[in-house]
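Colleague: I would like to learn how to read charged pairs and surface features in a model like this one. Could we begin with the salt bridges and work outwards from there?

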Amino acid sequence: MTVTLSVKEVRRFQEGILYELTADSEERGFEKYEQYIKNWLDGGLFFVCDGDIYFIHSMLKQEDDLPAEEIQQAGTLVCSDAGKEDPLGEDEKGRHEYIAVDGDRREYHAYNDLAETGQYECFVWEAERGLVGCWRGYGSRSQDVELYLPGEEGIR
């Protein structure tokens with residue numbers, strides 16, 4: 001299924017820019033998946049500052065007048081040239097979260113392994129291209145949503 005992603009500048013700050021990413025499709029059957037995409041991607045915001053990118057879940061969307069610092073603190077760092085180590089050990093249960101750096105690519109991975117069907121999400125960023133792919137869902141792959149730029153389908 002082909003989905004069009006739109007990026008809209010929401011607000012400009014001295015520290016960075018807040019963007020909203022939305023998905024839409026004219027294909028039949030999209031409405032079946034629209035609820036999952038709304039839950040996983042639409043309504044989410046990205047705050048870009050100093051080369052780092054923070055993902056802010058839709059809960060913050062109603063708070064239009066927050067200062068940049070509060071928006072950044074409410075977000076999750078999903079892209080950084082410095083990468084990010086998983087605070088939990090490999091054998092430790094809980095919410096794992098890390099950013100892998102591979103040349104011009106940055107991959108944010110998060111997953112919760114406290115339950116068999118815990119939540120996971122990934123954002124893949126590439127220099128000069130931006131977001132090239134993302135996927136989110138549960139371990140059972142229920143409500144699984146995968147979005148890619150054309151030609152990037154095999155990155156998962």
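Modeller: E121 lies in strand β8 and R95 in strand β6, so the pair ties together parts that are 26 residues apart in sequence; helices (H or I, at least four residues) and strands (E, at least two) are DSSP runs, numbered from the N terminus. Please keep in mind that this is a predicted model, in which local features need pLDDT of at least 70 and side-chain atom pairs count only at pLDDT 80 or more, while totals for chains, interfaces and linings use all residues. Residues are numbered from 1 along each chain as its sequence is written, and side-chain values use heavy atoms, with hydrogens and water left out.

Colleague: Is E121 buried or exposed?

Modeller: Buried means under 20% relative accessible area, exposed over 50%, and partly exposed in between (1.4 Å probe, protein chains only). At 5% relative accessibility E121 is therefore buried, whereas R95, at 39%, is partly exposed.

Colleague: Which side chain meets that of R136 in a salt bridge?

Modeller: The side chain of E121 does, at 2.3 Å from N to O. Because R136 lies in strand β9 and E121 in strand β8, this pair ties together parts that are 15 residues apart in sequence. R136 is itself buried, with a relative accessible area of 4%.

Colleague: And with which residue does K84 form a salt bridge?

Modeller: K84 pairs with E97, the closest N and O atoms being 3.4 Å apart. K84 lies in the loop between β5 (76-79) and β6 (95-102) and E97 in strand β6, so parts that are 13 residues apart in sequence are tied together. K84 counts as partly exposed at 23% relative accessibility, and E97 as buried at 16%. K84, R95, E97, E121 and R136 are linked in a network of salt bridges, and the structure holds eight salt bridges.

Colleague: Which residues gather in a patch of negative charge on the surface?

Modeller: Patches are made of residues with over 30% relative accessible area and no salt bridge, like charges being joined within 9 Å and nonpolar side chains (Val, Leu, Ile, Met, Phe, Trp, Tyr) within 5 Å. Lys and Arg count as positive and Asp and Glu as negative, while His and the chain ends are not counted, and the place of a charge is taken as NZ of Lys, CZ of Arg, CG of Asp or CD of Glu. In this model E15, D50, E69 and E70 form the negative patch. E69 is in helix α2 (residues 68-74) and is exposed, with a relative accessible area of 56%. D50 is found in the loop between β3 (45-49) and β4 (52-56), is exposed at 77%, and has a phi near 50 degrees, a positive value in a residue other than glycine.

Colleague: Where is Y54 found?

Modeller: Y54 lies in strand β4 and is buried, with a relative accessible area of 12%. Taking contact to mean heavy atoms within 4.5 Å, and not counting residues up to four places away in sequence, Y54 touches several residues, including L45, F46, Q72 and L77.

Note on methods: Areas by Shrake-Rupley, 256 points an atom, 1.4 Å probe, with all protein chains shown as cover. Salt bridge = Lys/Arg side-chain N within 4 Å of Asp/Glu carboxyl O.
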